[in-house]
Amino acid sequence: MFALIWNDPGIILFILLGILIVDNLWSIYLMLREILIVYRVNRVPELLRPYLSQDLFESMRALKLHKSWFFIVNTLWMVVICGCLELYFGFYAFVWELANMMAFAKWMTHEVVVSIIFACILNIYVAIKSVPGRLYEKYCIVSLVKRYPIKWYMQILSFLLDVLISFVVLVIMVVLFIYTVKFLDKYSFLGLYALAILLTVILIFLLPVFIDPFIGKRVDLQNQSLKAELQRLTRQVGFPMRQVYIIRVRDPNTGSNAFFYGSCCLKRIVIFDTLLYNRGQGNNTRLASEEMGKGLRDPQVIAVVAHELGHWKYGHFYKAIIMFKTHLLLTLFLFSLFFPHGPIYEAVGFESGLQPTIAGFLIVFGYVLTPYFTLSNVLMLAVTRQFEYQADKFAHTLGHAGNLRLALLKLYADNLSFPISDECYSIWHHTHPTMLQRLARLERLETNRY
């Protein structure tokens, strides 16, 4: 029975269609649960009333509903309907034939070049297919939020830079992937795993270099009182103050944020200036009206940094890397089992014996391994939420639980993040516990202290 299913392209096609439909209908069901919660909660929860006005709550609610319904419509059209049609009618085989037809010169007939053309055609197709959704996001959803205007030429430059970087990364990844698979054959998953580890090490070393040109510019902290408090806090836990960076972000619409990353001498705590009250500027005459009053007061900033120090103290960066690398090794092993199986290619329209490497990559990772990705993602999200609870507890042990609660309330308000979420939806989607869950946990920690 299993051999019959495993070797029948027709059955495999309907299994892939089933996986695609069930996975996305489950996502839509979870989103409908989330929407139902938003419709039910039309008043500010009592816990949040001292910090959140009804008008602001209504704005958050409207934004959440628009985004949620957009997700459902976009998923049904872009993923379910178009995805099923693409699989059933052999779209990927058609694009591969088209890529071969565009390889007009002899040197372009090499699989690597044809694969790059294939990937470029797919990217253009996806970009065209997503135009209506992008327009709705840009001109309807974004219009619900007061945002700092970005000059038109900066938007064009940003777009061109994204296209250029995406193309360069695409070419590099295609070349590395194809040659690794060709040279190592059935042991290719080990080669790909080694490349992934090498890429991780390179990123750890290069991330500090790329923060300045791509995210913003490192600046000195003007608020001397806050600087002194940060020095006291870092000295208390043994973290070097020189590794705390204040970044003036280039895009003022960037959300208020602080994060820890790195290891050894490369560890950093990065604080976006949008996290600081009025972007940390004593003279607020240069601020746009949308930026006035946003950000955290000094004690709340200290509490957020204490939380990030918790990530460092508990080794969450190392644990996350180990977790991800274990997941990646298992993913690549499963990939090596499905990748060489010819009937999978025949199921999506390729002729018998034709198994393009890049097409196999897309089919296996995009469809075949979806059940594994879904379940592994739920497990990893559960771990990251525990990391957040541990970091909150560390801030509590340093005496900053109260200010961390105030900081969470202010950050959710500044970023227009709707504070209520369905528990089931949160389990499947959120890297962090919901705000109310974190507030309740901090309150329990405070209560147990006395």
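Predicted model: local features only at pLDDT ≥ 70, side-chain atom pairs only at ≥ 80, totals over all residues.

At roughly what angle do the axes of helix α4 and α5 cross, and within what distance do they come? I then looked up the pair: α4 covers residues 91–102, its axis and that of α5 cross at roughly 120°, and the two axes come within 9 Å. Since angles of 65 to 115 degrees count as roughly perpendicular and those over 145 as roughly antiparallel, I recorded α4 and α5 as oblique to each other. Their crossing is right-handed.

Next I listed the residues in contact. On the α4 side they include Phe 91, Tyr 92, Val 95 and Trp 96, and on the α5 side they include Ile 117, Phe 118, Ile 121 and Leu 122. Sorted by class, the contact of α4 with α5 has 13 nonpolar, 2 polar and 1 charged residues.

I turned to another partner of α5. Helix α3 spans residues 54–88 and α5 spans residues 111–129; the two pack at an angle of about 135°, and their axes lie 12 Å apart. That angle makes α3 oblique to α5. I found the crossing of α3 past α5 to be right-handed.

Which residues meet here? From α3 I wrote down Trp 77, Met 78, Cys 82 and Glu 86, and from α5 Tyr 125, Val 126 and Lys 129. By class, this contact has 5 nonpolar, no polar and 2 charged residues. I also marked Tyr 125 in both lists, as a residue of α5 that meets α3 and is named in the contact with α4.

How do β3 and β4 run, and how many bridges join them? Strand β3 holds residues 258–261 and β4 holds residues 268–272; the strands run antiparallel and are joined by 4 bridges. I traced one of the pairings: Phe 259 has Val 270 in β4 as its bridge partner. Between the strands of this hairpin I read 6 residues, and Gly 262 takes a positive phi near 90°.

Asp 185 is not a glycine, yet its phi is positive, at about 55°. I located Asp 185 in the loop between α7 (152–184) and α8 (188–215).

Notes
Residues numbered from 1 in each chain as written. Heavy atoms only, no water. Axes fitted to C-alpha atoms, helices over the stretch in contact; angles between N-to-C directions. Parallel < 35°, antiparallel > 145°, perpendicular 65-115°, else oblique. Left-handed = near helix turned anticlockwise from the far one by under 90°. Contact = heavy atoms within 4.5 Å. Nonpolar A, V, L, I, M, F, W, Y, C, P; charged D, E, K, R; others polar. Pairing = 2+ DSSP bridges.
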